[in-house]
Amino acid sequence: PKTDIVFLKVHKSASSTVMNILFRFGETHNLTFAFPLGGGYQLYYPHHFLARFVQGFSPRSPRRFNILCHHMRFLQPEVQKVVPSSAVYFSILRNPVQLMESSFVYYKGASAFSRVRSLEEFLSQPYRYYNPASGDRHYARNLMTFDFGFNPDGEVSPERVQLMLKAIEASFDFLLISEYFDESMVLLKELLCWDLDSVVSFPLNSRDSSTKSPLADSVVEKLKAWNRLDWEIYTHFNRTFWERIERDIGRERMRREVQALRERQAELARTCLQGTGSVAPKDIKDSSLRPLQHGGARILGYNLKQGLGQELERTCRRLVTPELQYSSLLYKKQFPPQPP
């Protein structure tokens, strides 16, 4: 199994669920994480990543970490200073239309969104609300482009798009697609030589459907145009994702693997969870399992069954521990507080 991994955690793309998979794998195999200084949750995002943002990194005695997966704005020469040269690089993409709709609800406080009532209103005159010079502009335009390290306000010429796609292909071994999450997990398992249980997960940091509303076709077209660079990235790598599956796994085997993954997930849900699945934040009984609530979204969580055996309880708890709590736990394990 591959143990040196760089995961570019792209916003609002099921990346918290992928992070949980990496946290569990790293903890099980005693791997080291490149944590943000002081145990924070982002590597000085939205600044481009620098090696010195990592706790325990020193240019004099460069220490390599196994897994780099916290939010960052990608900059490969700096990333290479903190992970082994053998590291596998991957990320996950989401359809930019749904991504921006999610971003609008989640980052409602961002300067571009704070004065509008709806996404339609924003798109009717985006430059009235959007300021390319503001420090949080990236939440409102080409968010994936920005996370990959590029300029979200760059011109959309065929040459520039090609350069960007080539640069991503040169840096990353593969990109997953969040709309095909189960297929993505099978591909991840295949390319990292992991077993099935390592890629089983429950959706984390997802919001309840009460804040979701279908978008009119005219809005969808405006969203694609406004996020054109993201759209180019997404359509290109959505295509190569399926080409890779055809080449490396084959449709028939993929179908069987996805079925096995879903059956295992259903089995774990029956074993671990009270009720049938996720619940509203107010209904989560164990406060340590309550996810951070942000913006206008209601982020769902889980209740564990009572009376699970010690080992099983631990397995189940890890599957539903929200990102911030899990990150803190692993940070304290890797950097134990010094006694006074």
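At what angle do the axes of helix α8 (residues 181-192) and helix α11 (residues 228-248) cross, and within what distance do they come? In this predicted model, the two axes cross at roughly 55° and come within 11 Å. Helices α8 and α11 are therefore oblique to each other, and the crossing in which α8 passes α11 is left-handed. On the α8 side, the residues that meet the other helix are Glu183, Ser184, Leu187, Glu190 and Leu191, and their counterparts in α11 are Phe241, Trp242, Arg244, Ile245 and Asp248.

A second pair of helices was described in terms of angle and distance. Helix α1 (residues 15-28) packs with helix α14 (residues 323-334) at an angle of about 25°, and their axes are 10 Å apart. Because an angle under 35 degrees counts as roughly parallel, α1 is assigned as roughly parallel to α14. The contact is made by Ser16, Met19, Asn20, Phe23, Arg24 and Glu27 of α1, together with Glu323, Tyr326, Ser327, Leu329, Leu330 and Lys333 of α14. The crossing of α1 and α14 is left-handed.

The side chain of Glu27 is joined to that of Arg318 by a polar contact of 2.6 Å. When neighbours within four places in sequence are left aside, the residues in contact with Glu27 are Phe33, Arg314, Arg318, Tyr326, Leu329, Leu330 and Lys333. Arg318 is itself buried, as are Cys316, Leu319 and Val320, in helix α13 (residues 310-320). The cover over these buried residues of α13 includes α1, α12 (251-272) and α14.

Attention then turned to the nonpolar interior. In soluble globular proteins, nonpolar side chains tend to be buried together. The largest nonpolar core in the model has 113 residues, and those with the most contacts inside it are Leu68 and Phe122. Not counting residues up to four places away in sequence, Phe122 touches Met100, Ala112, Phe113, Val116, Tyr129, Tyr130, Ala140 and Trp226.

Val105, which lies in helix α3 (residues 96-106), has a relative accessible area of 12% and is therefore buried. Between the C-alpha atoms of Val105 and Val186, two residues that are 81 residues apart along the chain, the separation is 30 Å.

Technical notes:
Residues are numbered from 1 along each chain as its sequence is written. This is a predicted model: local features need pLDDT of at least 70, side-chain atom pairs count only at pLDDT 80 or more; totals for chains, interfaces and linings use all residues. Side-chain values use heavy atoms; hydrogens and water are left out. Helices (H or I, at least four residues) and strands (E, at least two) are DSSP runs, numbered from the N terminus. Buried means under 20% relative accessible area, exposed over 50%, partly exposed in between (1.4 Å probe, protein chains only). A nonpolar core is a set of buried Ala, Val, Leu, Ile, Met, Phe, Trp, Tyr and Cys residues joined through side-chain atoms within 4.5 Å. Contact means heavy atoms within 4.5 Å. A polar contact is a pair of N or O atoms within 3.5 Å; within protein, one must be able to donate a hydrogen and the other to accept it, and residues adjacent in sequence count only if both atoms are side-chain atoms. Axes are lines fitted to C-alpha atoms, for helices over the stretch in contact, and angles run from 0 to 180 degrees between N-to-C directions. Angles under 35 degrees count as roughly parallel, over 145 as roughly antiparallel, 65 to 115 as roughly perpendicular and the rest as oblique. A crossing is left-handed if the near helix is turned anticlockwise from the far one by less than a right angle, and right-handed if clockwise.
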